[in-house]
Amino acid sequence: MARVVEALRANLGSDAVLAGPAVERVYECDAYTVEKRPPLCVVLPESTEQVQSVVRICRQHGVPYAARGAGTGLSGGATVAGVVLSTRRMNRILRIDAENRMAVVQPGATNLQVTRAAEPHGLFFAPDPSSQHVSTIGGNIAENAGGPHTLKYGVTANHVLEVEMVLPNGEVARLGSKVPEAPGLHPLALVVGSEGTLGVVTEATLRLLPKPQCVRTALAFFAEPRDAVRAVSEMIAIGVVPLALEFLDSTFMRVVSESFGLDFPPAARAFLLMEFDGTEESTAEELSAASDVCGRCGVVELQIARDEAERASLWYARKNAVGGLGRIAPSKVTHDGSIPRSKLPEALARIEEIAERQGVLVANLAHAGDGNLHPCMPLDDRDPEQVARMHRAADEIMRLCVEMGGSITGEHGVGLEKLPFMRLMFSADDLDFQRRLVQAFEGFELCNPGKLLPEAGA
Ligand SMILES: Cc1cc2nc3c(=O)[nH]c(=O)nc-3n(C[C@H](O)[C@H](O)[C@H](O)COP(=O)(O)OP(=O)(O)OC[C@H]3O[C@@H](n4cnc5c(N)ncnc54)[C@H](O)[C@@H]3O)c2cc1C
């Protein structure tokens, strides 16, 4: 192991290779804190050539490696007992091509950095995970990240045109195309969402969209969570497609209220954050139609933002919700399953039953418009009994999502966390086919191994 670190230092310079107990502690996990694997070392390459050197040295010494952006992944994707290849120093926006509505960026640039760079040109980058101020484009691509605005604009896969990546054999490849409809098979589609198992993205060309003329935001409070989610499917059924439809339950409302001094209507036990974009007329019409639906579903109060400051204040509770759980426990597991949105009321009721049966607290938030649930379980991950209860509840929730015709992950990926659930969704043949696709990449054995696909026969 010392020889690997030595070789990496000789190639990248000693300040680009971090090792030691403090480094092990900081990089032993991502935001899925239940599984920890102290790394051998962390490398900070600055260029594609340096990434190639790291991959080649790891291959030479038979050491596993994983790319890491900001480490906000919620399924253990960047956790590796090997070399952590951090993209921290590859964080530049290389070019905004306003005419062709594209951004060329390095993988360590944050999601928000891209939108900020595009803003002066009247453009924005649509995928907006709630972690967007820190999570990186490399991580967003690897996880095919979604976000509140996925409902209208789609996930990361819909906004990546081309990537440059270092393949597991150390070669550099360019996948995708800056022009649409390039012929042939589309390996880029395989890479987006592959959780860093097919190589390390070193540059990405992203699609930018024109900023809408007008955005309207409203917060609807409900006495019953099921009424809030019923409003979601009714809205979409009548043809209103909001930019965002975010749901927060009473546990989240309590923790954000206590943490940040926010006041909510006393009768409210859930809220729905609704956002619409388009022209002045279209957004006014959509907001009015959505307000009518909320009225029919028993809304107790509707707050409508009158300007940008009020819009930010309506988003504040949603954006800070997960952090507020820190009041309850030192850690938490954020689950992520999707279901058809019409089944949200039933799903919330059944999750409540599961929580009671397993003796865990589940706080629910959801990108409700997409039927993407995030049941969060605050816990002390040093207590094996609490961890075991969380796993039992998670198992039931995942089975519920699949039984309802949904998925074991809407956007957080499989990583380590969801490996046991892949068999709920895929047959042995399906998994074998996926494994063979990964194995087509020479050198795959060391490139973020043990993620995404359960081992054959395991
Ligand atoms: C508070 C909070 C809110 C969140 N909200 C959302 C949300 O709304 N929507 C959503 O989708 N996710 C959300 N997430 C999850 C997470 O932020 C996303 O998955 C994000 O895309 C991860 O980016 P990252 O830079 O932190 O990646 P990391 O956690 O560092 O890595 C994630 C995966 O990407 C791989 N990877 C990283 N960089 C590269 C690269 N250059 N090349 C190849 N592979 C790479 C890693 O190996 C790993 O498998 C949230 C997380 C938190 C903590």
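In this predicted model, an oxygen atom of the ligand lies 3.2 Å from a backbone N or O atom of Gly-77. A pair of N or O atoms within 3.5 Å is called a polar contact; within protein, one atom must be able to donate a hydrogen and the other to accept it, and residues adjacent in sequence count only if both atoms are side-chain atoms. A polar backbone atom of Ser-130 is 2.9 Å from an oxygen atom of the ligand, and an N or O atom in the side chain of His-367 is 3.5 Å from a ligand oxygen. Taken alone, the ligand exposes 980 Å², and the protein buries 93% of that (areas by the Shrake-Rupley method with a 1.4 Å probe; for residues, only the protein chains shown count as cover).

The shell around the ligand holds 34 residues, of which the closest are Ala-67, Gly-69, Thr-72, Ser-131 and Thr-136; a residue is near the ligand if one of its heavy atoms lies within 4 Å of it. By class, the shell has 10 nonpolar, 20 polar and four charged residues. Here Ala, Val, Leu, Ile, Met, Phe, Trp, Tyr, Cys and Pro count as nonpolar, Asp, Glu, Lys and Arg as charged, and the others, Gly among them, as polar. Helix H5 (137–143) supplies the largest share, five residues. Helices (H or I, at least four residues) and strands (E, at least two) are DSSP runs, numbered from the N terminus. Because domain 1 (2–86) and domain 2 (93–210) both give residues to the shell, the ligand lies between them; the domain bounds come from an automatic or database assignment.

A look at the core comes next. The largest nonpolar core has 81 residues, and Val-163, Met-235, Phe-247, Leu-272 and Met-274 touch the most other members. Such a core is a set of buried Ala, Val, Leu, Ile, Met, Phe, Trp, Tyr and Cys residues joined through side-chain atoms within 4.5 Å. Helix H13 (residues 384–403) gives the most to this core, with eight residues. Domain 2 (93–210) and domain 3 (214–403) both contribute residues, so this core lies between them.

Finally, Glu-195 has a positive phi of about 55° although it is not a glycine. Glu-195 is buried, with a relative accessible area of 6% (buried means under 20%, exposed over 50%, partly exposed in between; 1.4 Å probe, protein chains only).

Residues are numbered from 1 along each chain as its sequence is written, and side-chain values use heavy atoms, with hydrogens and water left out. As the model is predicted, local features need pLDDT of at least 70 and side-chain atom pairs count only at pLDDT 80 or more, while totals for chains, interfaces and linings use all residues.
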